[in-house]
Amino acid sequence: MNTIKSKAETHLSNIKSRTEEHLHNVLSAKSDIRQIHPDEAADDVELLAQIGYKQELRRHYSTIQVFGIAFSIMGLLPSIASTLSIGLEAGPAGLVWGWFLASVFIFCIGVSMSFLGSAIPTSGGLFYYSNYYAPESIRVPLSFLIGCSNSLGLIGGLCSISYGFAVEILSAVFIQRDGDFEITDGKCYGIFAACIVSNVVISCLTTKHAATLQTISIVVNVFLVALFLIAVPVGFRHNSFNSAEYIFTNFENSRTSYSTAWSFALSWMPAIWTIGAFDSAIHCSEEAKNAQKSIPWGILGSISACWFLGWFIVIVCAACIKDGDLASVLDSPTGSPMAQIIYDALGKQWAVAFMALIAVGQYLMSVSILIAASRQIWSFARDDGLPVVYKFVKYVNPKIQVPVRATIFGGVIGLLLGLLVFVGPAGANALFSLAVASNYLSWGTPVLLVLLPVGRKRFISGPFHFGKMLSNIINFATVCWILYVIVLCMFPDSKNVDKETMNYTVVINVGIWLLSLFYYFVWGYRSYTGPRSNLDEQYFEGASLHEGIDEILEEKASK
């Protein structure tokens, strides 16, 4: 036993000596850029110390649970149910090919995100990368902008998912009552608010319970997809399935003010919105085991699963449009094209049950994205970046090790943004594109910086990398695609813009971006100087060090 203890103490002594060098550089100035060498770190805790932070959250997430976070937030069938009408407005072929082609480019983003997450796995993620790889003259204001944008994007995702949950619940009630039920904005917001408030309560549970929830979410989402792909075609067999020509070549244009080509471009939005928030794997990296490898697996695994399973789902949807009557689905009195397709295939009772199950999957999505959003908000506040309230929000209870205040803050902002549902359909649609625009700016900025001379020089790859040439090609494709999507999601529903067709994403996103920079240059620069270390001597002398000895002793003894 003495030999085992000696080896354990020697191991920790080596960690201490390597980390002290980084600690000296970190503490010499508030926001010095330090060189990070992922290949030299002995474990997750030491690499996090290189990055500049001490371990404050518990590491409970396995690789499959990191995958579960991203896959759960994407919530394949519930997400498609929420956005199906946008894709179908370009016809069944627009929905089917829009999904597949968008997924190709989204996978490129995932690869680029995996490069970054594998190299520097920290909950701060994108704003940290923007600070680390940017030129000295702009790195601090740029990282502040990205921190605000990424936080807004994740909260926007929470809002859109919770709104989709409310629509699915109301659609189920409408079908159950045979149409004798009025769907109002007030009822929609009431369910929306109940969803978010309960999400906050669940998300404040310990990390261990939250990790288990991801496993449950994977099972629920896979079950929903399998049930849909089997039950709907079987139930629809008494009708005639639409032909392959109808499914794969029939482009229509329900957006009469735009050309068919542009309508097809907008039909890519279901995939763009659904296969998103995979950066949540990065935001939970300080709670993940073997983060450098589990992050790429989580990101790319979730994107790939949604790419192909989602494609099969939209093909089934196109095949089961009754009599090929697209207008009857888009104008369904249930308020949900998916509910109408299921109703036509399976009848009233199955449609109600299916929509209830989809709502359960949607609810689990909202819990998962709030967990990811709270970690982003907390990490930004930890670096004194979150405007005004950072001192209050960055506190973590040392007993439960969960950022409770950041979770509550995210829920409150979500409730405020949700008031857009009272504007009408345009306001509700803005909740969906709000998440896309903010997140895409946050994803694209560090990828672009790595392509530029300063970032390219500073970048040291982690275990996941494809070599300089291929990685740069993928990163370039990612940046081009992101610029295109940001423009795409800002377009209004019609050329004739009024309060009903206005895309409020432009107002909210661009407004937040400008206000963020204005706040930084007027006041924020006083507190925010870029990501800063919270390491101190207690890192080496406190409980975490003794816990590390105990863990190594237990591991050695078990062998």
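The model is a predicted one, in which local features need pLDDT of at least 70 and side-chain atom pairs count only at pLDDT 80 or more, while totals for chains, interfaces and linings use all residues. Residues are numbered from 1 along each chain as its sequence is written, and side-chain values use heavy atoms, with hydrogens and water left out.

**Salt bridges**

A search of the whole structure finds five salt bridges, a salt bridge being a side-chain nitrogen of Lys or Arg within 4 Å of a carboxyl oxygen of Asp or Glu.

Select Asp-178 and Lys-348, whose side chains meet in a salt bridge with an N to O distance of 3.2 Å. This pair links distant parts of the chain, 170 residues apart, with Asp-178 in the loop between helix 7 (139-176) and helix 8 (185-203) and Lys-348 in helix 17 (residues 348-382); helices here are DSSP runs of H or I with at least four residues, numbered from the N terminus. Asp-178 is exposed, with a relative accessible area of 59%, and Lys-348 is partly exposed at 23%, where buried means under 20% relative accessible area, exposed over 50% and partly exposed in between, with a 1.4 Å probe and protein chains only.

Next, select Arg-382 and Glu-286, which form a salt bridge whose closest N and O atoms are 3.0 Å apart. Arg-382 lies in helix 17 and Glu-286 in the loop between helix 13 (280-283) and helix 14 (291-319), so the pair ties together parts that are 96 residues apart in sequence. Both Arg-382 and Glu-286 are buried.

Then select Lys-394 and Asp-384, a salt bridge with its closest N and O atoms 2.8 Å apart. Lys-394 is in the loop between helix 18 (390-393) and helix 19 (404-417), and Asp-384 is in the loop between helix 17 and helix 18, so the pair ties together parts that are 10 residues apart in sequence. Lys-394 is partly exposed at 29% relative accessible area, whereas Asp-384 is buried at 9%.

**Helix contacts**

Select helix 8 and helix 19, whose axes come within 9 Å and cross at roughly 175 degrees; axes are lines fitted to C-alpha atoms, for helices over the stretch in contact, and angles run from 0 to 180 degrees between N-to-C directions. That makes helix 8 roughly antiparallel to helix 19, a description used for angles over 145 degrees. In the contact (heavy atoms within 4.5 Å), residues of helix 8 including Phe-192, Ile-196 and Val-200 meet residues of helix 19, among them Ile-408, Gly-411 and Leu-415.

Move to helix 4 (residues 76-88) and helix 5 (residues 91-119), which pack at an angle of about 130 degrees with their axes 10 Å apart. Among the residues that meet here are Leu-84 and Leu-88 in helix 4, and Pro-92 and Trp-99 in helix 5.

**Positive phi**

Finally, select Asn-290, in the loop between helix 13 and helix 14, where phi is near 50 degrees, a positive value in a residue other than glycine. Asn-290 counts as partly exposed, at 42% relative accessibility. Asp-323, in the loop between helix 14 and helix 15 (326-330), also has a positive phi, of about 60 degrees, although it is not a glycine, and Asp-323 is exposed, with a relative accessible area of 69%.

Key: Helices (H or I, at least four residues) and strands (E, at least two) are DSSP runs, numbered from the N terminus. Angles under 35 degrees count as roughly parallel, over 145 as roughly antiparallel, 65 to 115 as roughly perpendicular and the rest as oblique.
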